[in-house]
Amino acid sequence: MTTTRRPTALRLAAGAALAWLGLAGAASAQPLQLPGAQPFNQPGAQQAAPASAAGTATQRPRTMPAIKIPSEESILGRTLRRNGGFGEATLEKSGSGYGLRLRAEGFQSGNLTEPCAISFGDAPVPVTAQGKPAGLPRYRLEAPACPIVFDVLDGALLVIAPEQPCVIEAAACRIEPRGVWGPDARTLPARAKDIEAERKQAETAVREGYRALSSKAELPEQRAVAREQAGFSSEREQICREFQREGAHGFCGARITEARAASIRARLGLPEPKPEAAKPRPAAAKRASPPAAAPAPALQ
C-alpha cells in the first residue's frame, strides 16, 4: 500500500537543512544597505556624525558687517545747523582737547511765538570726552545753563541731552538743542545718491546686527530685541521729521541708521573698525548772502 506521509517527511527534512544552512551563514552575512544609508558598524565601533550635523556644530556665530566709526575730524571746523537750518555749532581744537562754539535759536520763554537766539560766548566752550558708550565719540558741553551731551556722527552731531529745553533766564530765551546738527540743508540734495548708498549699507549692518543680538539672547531678551528692531523706523522718523528737506536728501536718516549700527556693534562687543580718513568738504554753491541777523546776546 502506498504511504501518504512521504511528501511531508521530505518537506520536514528540507526545512531542517535550510535552517542549518541559515545558522551556519549568519556570521558571514551582511545586512542589505540601501543607497544613501549610513554604513553598517560592527558592535562597539564608533559611528561618525553626519556631515550636516558636524557642519552645524562648527557653525560660526552670527556677526555684522564692519561700519565706519566717525571721528572728530569729520566735523572739525565745520559749521553745523540744528535740523540743517537753525543756529550754529562748530567744533574746534582747544589746547589738548576740543571746544564747541555754539549759537542756539529758540523762542522767548514768555512768548513761544517770538524767536530769540543765544550765543554761548565768543570763545569755544570746553567739551569733556565721555568715551564711546553707544559706539560713537560722546562729549559733554561744560555750560551749566545748558549741559548739552552729544555724539559725533559722520559730518554731524546728535544732541541727546538735556531731555528738556534749556531756559536761559538772563535772556528769557527757551532753546531746544536736541536732534541732529548737520550741514546746511540746501547743500545736501547734490549728495543724495551718495547719502542713499551710505544709508543702505548702514541698514544692512543694522539688520545683521539685530540678528546677531537675537541669536545670543534668551527668549525674553529675543522678544525685547524684536520690539526694538520693529520700533527703530518710527524712532528714526521722529528724530528726522523736522530736518529741513529730508525727503530730498535723506541725510538725517542715514546718520541715525549709522548711529544705531555703531550702538549694536558696541553691545555685541565687536572690535572697532579702523577709522576712515575724513572726506573732503564739498564745495559750497555760490548764492546770495542772506541778510545779516541781529547779534545774539552772549551767555555769561
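Reply: Two residues are in contact when heavy atoms of theirs lie within 4.5 Å. The model discussed here is predicted. Among its contacts between residues at least 6 apart in sequence, 58% join residues at least 24 apart. The protein has six helices and eleven strands, and 34% of its 300 residues count as buried.

Me: Why is Phe-150 called buried?

Reply: Buried means under 20% relative accessible area. Phe-150 has a relative accessibility of 0%, so the residue counts as buried. Tyr-139, at 8%, falls under the same cut-off and is therefore buried as well.

Me: What makes the pair of Tyr-139 and Phe-150 a stacked one?

Reply: Two values decide the matter. Rings pair if their centres lie within 6.5 Å, and planes under 30 degrees apart count as stacked. The ring centres of Tyr-139 and Phe-150 are 5.9 Å apart and the planes meet at 25°, so the pair is stacked. Tyr-139 belongs to strand S6 (residues 138–141) and Phe-150 to strand S7 (residues 149–153), so the pair ties together parts that are eleven residues apart in sequence. Ring pairs also link Tyr-98 with Tyr-139 and Phe-150 into a cluster.

Me: Why is the pair of Phe-243 and Phe-251 called tilted?

Reply: The centres of these rings are 6.0 Å apart, and the angle between the planes is 35°. Phe-243, at 3% relative accessibility, is buried, and so is Phe-251, at 1%. A search of the whole structure finds three aromatic pairs.

Me: How do you know that Arg-138 is buried, and which residues does Arg-138 touch?

Reply: Arg-138 has its place in strand S6. Its relative accessibility is 18%, and the cut-off is under 20%, so Arg-138 counts as buried. Leaving aside residues up to four places away in sequence, Arg-138 touches several residues, among them Thr-128, Pro-133, Val-149, Phe-150, Asp-151 and Ile-160.

Me: What makes Gly-110 exposed?

Reply: A residue is exposed when its relative accessible area is over 50%. Gly-110 has 77%, so the residue is exposed. Gly-110 lies in the loop between strand S3 (97–108) and strand S4 (111–119). The C-alpha atoms of Gly-110 and Cys-173 are separated by 8.3 Å, although the two residues are 63 apart along the chain.

Me: Which parts of the protein line the largest pocket, and what kinds of residue are found there?

Reply: The largest pocket has a volume of about 660 Å³. Of the 23 residues that line this pocket, the closest to its centre are Leu-158, Val-159, Arg-178, Gly-179 and Ile-239. Strand S8 (156–161), helix H4 (219–240) and helix H6 (251–268) each supply at least two lining residues. The largest share, five residues, comes from H4. By kind, the lining divides into nine nonpolar, four polar and ten charged residues.

Me: How much of the surface of the protein comes from carbon and sulfur atoms?

Reply: The protein exposes about 18,900 Å², and carbon and sulfur atoms supply 55% of that area.

Conventions. Residues numbered from 1 in each chain as written. Predicted model: local features only at pLDDT ≥ 70, side-chain atom pairs only at ≥ 80, totals over all residues. Heavy atoms only, no water. Helix = DSSP H or I, 4+ residues; strand = E, 2+ residues; numbered from the N terminus. Buried < 20%, exposed > 50% of the residue type's maximum accessible area, 1.4 Å probe, protein only. Areas by Shrake-Rupley, 256 points an atom, 1.4 Å probe, with all protein chains shown as cover. 1 Å grid on protein atoms, 1.4 Å probe; cavity = no way out; pocket = protein on both sides within 12 Å on 5 of 7 lines; lining within 4 Å. Points joined across faces, edges and corners; volume = space filled by probe spheres on them. Nonpolar A, V, L, I, M, F, W, Y, C, P; charged D, E, K, R; others polar. Phe/Tyr/Trp six-rings, centres within 6.5 Å; stacked < 30°, edge-to-face > 60°.
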